[in-house]
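Hi everyone, thanks for making time this morning.

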Amino acid sequence: MGGISVETLAGTIILIALGVIGATVWMVQGRYDKGFFKSAVSQNNSEAAAPVIEDSPPKILSGMEPEGFSPMSDAEIFNPDILSEKINGKADLYIECDFRELTARRYVNQKDPALWFEIYIYDMKEPRNAFSVYSMQRRPQTKDSAVAPFAYSTENALFFTHGVYYVEIVGAQASEILDAALVKTAEKIIAAYPSEPLVLNELSFLPPENMLKHTMKYFLKNAFGFEKMDNILTINYDVSEKEFMVFISERQGVSEAKALRDDYEKFLTAIGGKMTPDENPAIPDLAIIDLMGETEYFFSLGRFIAGIHAAPNREDGDGMVRILYDFMNVEMQK
Amino acid sequence: MNDLREDEKTISRRKFLIRMMKAGASITAAGALAAFLHDKKAPSGYAGGEVVQIPDFSLEKDARSLAIVSGENRKLTLEKAIDALGGIGRFIKKGDRVLIKVNAAFATPPVLCATTHPDLVREMIALCLKAGASEARVTDNPINDPASCFLLTGIREATESSGGKLILPKSEYFKHTTLINGNLIRDWPVLYAPFDGVTKLIGMAPLKDHHRSGASMTMKNWYGLLGGRRNIFHQDIHNIIKELAMMVKPTLAILDGTNAMMTNGPTGGSLSDLKATNMLIAGTDSVAIDAFGSALLERRLSDLPFIQKAADMGVGTADYESLKPVRITIN
């Protein structure tokens, strides 16, 4: 064997064989054929993949019906794996925000079966996650509701966040009877399920004048296409009949806010943004970057990063960023 | 070296046991790691079985045509649209067995327009039966409790009251299909039993925003025929819509833009998500229908790549004006 033992040769052959098998598995995995596989739950999803229905509905949906209404269905529970079975293509919106579980149940008026509504309670793990999915779906031109902070109602539905929960109560039609029932149900849910309230400290650092509250959005991550821009609150302002999007984020400390401001500047210039001089440098640390016909203003102030995203013109943008900075500065002195 | 090899040939009992223990520990560790990594919920291999193809129901010899009718009354707009396309007789002959694929994806009331409106289902069945169809079937594969979906959307009542036959999905109704030249639809279960004996296929879809694809219209409507763990296709939504459009060739497609769901689709939930766009679009070219629908939804074609992708595969044309659509307004 020329100095090589039989064992060494056999061992080498086995290692080569294992390597070939490993490489083959790797290649096959890379060409995963979805069509060749069936769900372990169900192949046709019509029966076995039906959502989990608990024998005893969870406490939160037990006794939630307002006077004159009865449960119309059992409570349904959906985890992230099967959420799409309830809300189809909208499931991703929730799952990307750390969704844990949806509980849903329908109730019907005892006198008029056409008057029914369905409760959707999304457990989002953290209050800010719940607020994020709420804000992404916020309807404009709605009525504020007193049942909870940020709650609003439409002709047929009521939407709000309650701690870690995002709650939708959707009526089958526009109806005064249903309107009242939705509010009663919301109050019962809030009372039955205490949860840590959402604290949006950064909101108090934004000037209230001309604020368009219904436009408020909360981005958990990847705001404005930049992966480091997480936990960003945005809200539009009406400036000279144009909407300007102001953003703010509270960071862990001053250095983190400054670092994010610098990183955002690098990101924007790397994708073609052009730094423009601040002709009236009243705001320390202000970056003004023109990008594709719009202007980005941003600065760090204390533990905050704030600014204006995609301002449509410099004239109003310059004024708005000054208003924002001055207001924040005053609030931080308090 | 020779001494070492000689030593290995005459291995002691002690060394042998140590080696065996090491080998055993390695095997156990590998097994434990595999058990730890094993996803019990993961798909298992398809054992095979009959593979079917959905027949081509299109009117191949007819030129592609399109009708756009303005009005708020769905019954009237549908009637006018069919008339504009040449009358129901162009599509349905005596003795035809018709399958109407609706969107019954959610157990929501008709007023939310997340599903095919029952007024349209009722009228379409009536038109088919009046034209001599021997049977008008209605089906969809809503994942969430099909019985509740058909009941609460009003589609069950509309079907049964107008002489149609509602087919709810059952496990034995699914067969595997493979789309020729497809990358996604390969050995995939589709709701096939309702097609048994069918000679004409009509798709009826509401016009909706869709969180993943940007819009849900006539081509996306065929998604409801898929079985299995179909939500995995959401990761490649534009290509799956393209492939569905390649796979399913209907006789007629209807897009209901009477109240378009402009935001928060595909579920919606609020009447404020809707806009009274008051249009019904009917035709034999789903790409053209969806292209027109995208304008109603205030989307650019570039926002909805599946439209151009389907057009590139020869399913239809995104230039709906090239079909010289018949436009009618009902006052």
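**Cysteines, a strand and a sheet**

Let's start with Cys149(B), which is buried at a relative accessible area of 0%; buried here means under 20%, exposed over 50% and partly exposed in between, with a 1.4 Å probe and protein chains only. Before I go on, some housekeeping: this is a predicted model, where local features need pLDDT of at least 70, side-chain atom pairs count only at pLDDT 80 or more, and totals for chains, interfaces and linings use all residues. Residues are numbered from 1 along each chain as its sequence is written, chains are lettered from A and ligands numbered from 1 in the order in which they are written, and side-chain values use heavy atoms, leaving out hydrogens and water.

Now, how many disulfides are there over all chains? Taking a disulfide as a pair of cysteine sulfur atoms within 2.5 Å, the count is zero. Cys149(B) is in none, and the nearest cysteine sulfur, on Cys113(B), lies 16 Å away. Over in chain A, Cys97(A) also counts as buried, at 8% relative accessibility.

Next, strand β5 of chain B, residues 135–139. Helices (H or I, at least four residues) and strands (E, at least two) are DSSP runs numbered from the N terminus. Five of the five residues of β5(B) are buried, so the strand is largely enclosed by the rest of the structure. Glu135(B), Arg137(B) and Thr139(B) point one way, while Ala136(B) and Val138(B) point the other.

β4(B), residues 97–101, runs parallel to β5(B) and is joined to it by five bridges, with Lys101(B) partnering Thr139(B). β5(B) also pairs with β6(B), residues 165–167, in the parallel sense over three bridges, and there Thr139(B) stands opposite Ile167(B).

Finally, chain A. Seven strands form an open, antiparallel sheet in the order β11-β12-β13-β17-β16-β15-β14. Its edge strands are β11 (211–219) and β14 (274–275), each pairing on one side only. Inside the order, β15(A), residues 287–291, and β16(A), residues 294–301, pair in the antiparallel sense over five bridges, and Asp290(A) stands opposite Thr295(A).

That's my tour, so over to you for questions.

Key:
Two strands pair if DSSP finds at least two bridges between them.
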